[in-house]
Amino acid sequence: LGRDFERMRRVQEVMDGEIALPLPEINRVESAAVANLALQGMNQLSRRIASILPTTTFAPLRPGIKASVNDAINRRRIVLGWQQKNRFSHTLGKRARFYLAYATSPVVILPEPNPFSEHLIPRWRFLNPLHTFPSDHDYDNLTPNDCIHDFTHFYKYLLDNYPEAAARL
């Protein structure tokens, strides 16, 4: 996957204004404006994509029966509640930027305690594609068998979760 990640890093450098774009007809001052326009275009397009939330529908298992129709309505309300809890309207912009810039947007769905009931609810965690490494043969698979995620944590996190390892540091 080296070529794919190198392409992603080049896109990130352009978006961050860290790369000199090879445009001979544009002088030094104007080349920074081109990178800024690329970033503005990427942000604007990702906001437009994320401005429309996906439509969530559930068909009744037995159409015409009131209990089945009510169950379908309740299932839809539950999923919309999960989306609200996960702040989908805010995080979809970030995910759209990942799709536009890197052609991928990895996500991990983890169970999270629900403060209002004993049931767990799904928590969507959107990952940076530059710090997510699926195995070679699983790169296009929706659920890869093996995947490495690169995270940064503070020392306090180590103390709270791994005190023995933190003591050795």
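In this predicted model, the largest nonpolar core is made up of nine residues in all, namely Phe5, Met8, Val14, Met15, Met42, Phe98, Ala101, Tyr102 and Leu130. Helices α1 (2-16) and α4 each supply at least two residues of this core. The greatest contribution comes from α1, which gives four residues.

Helix α4 comprises residues 88-102, a run of 15 residues. From its first C-alpha to its last, α4 reaches 20 Å, a value close to the 21 Å expected at 1.5 Å a residue. The buried residues of α4 are Phe88, Leu92, Gly93, Arg95, Ala96, Phe98, Ala101 and Tyr102. In general, an α-helix has 3.6 residues a turn, so residues three or four places apart point the same way. Among the buried residues of α4, Phe98, Ala101 and Tyr102 also belong to the largest nonpolar core. Tyrosine 102 is in contact with Arg7, Met8, Val11, Gln12, Arg97, Asn128, Pro129 and Leu130, when its neighbours within four places in sequence are left aside. Of these contacts, Met8 and Leu130 are likewise members of the core.

In the loop between α3 and α4 lies arginine 87, whose phi is near 55 degrees, a positive value in a residue other than glycine. Alanine 103 is placed in the loop between α4 and β1 (107-113). Because its relative accessibility is 59%, alanine 103 counts as exposed.

A nonpolar patch on the surface is formed by Leu45, Ile49 and Leu100, which together have about 240 Å² of accessible area. Isoleucine 49 belongs to helix α2 (residues 28-50). With a relative accessible area of 45%, isoleucine 49 is partly exposed.

Serine 68 counts as buried because its relative accessibility is 8%, and buried means under 20%. Apart from residues up to four places away in sequence, serine 68 touches Pro60, Leu61 and Arg62.

Notes
Residues are numbered from 1 along each chain as its sequence is written. This is a predicted model: local features need pLDDT of at least 70, side-chain atom pairs count only at pLDDT 80 or more; totals for chains, interfaces and linings use all residues. Side-chain values use heavy atoms; hydrogens and water are left out. The expected span of a helix is 1.5 Å times one less than its number of residues. Buried means under 20% relative accessible area, exposed over 50%, partly exposed in between (1.4 Å probe, protein chains only). Patches are made of residues with over 30% relative accessible area and no salt bridge: like charges are joined within 9 Å, nonpolar side chains (Val, Leu, Ile, Met, Phe, Trp, Tyr) within 5 Å. Accessible areas come from the Shrake-Rupley method with a 1.4 Å probe; for residues, only the protein chains shown count as cover. A salt bridge is a side-chain nitrogen of Lys or Arg within 4 Å of a carboxyl oxygen of Asp or Glu. Contact means heavy atoms within 4.5 Å. A nonpolar core is a set of buried Ala, Val, Leu, Ile, Met, Phe, Trp, Tyr and Cys residues joined through side-chain atoms within 4.5 Å.
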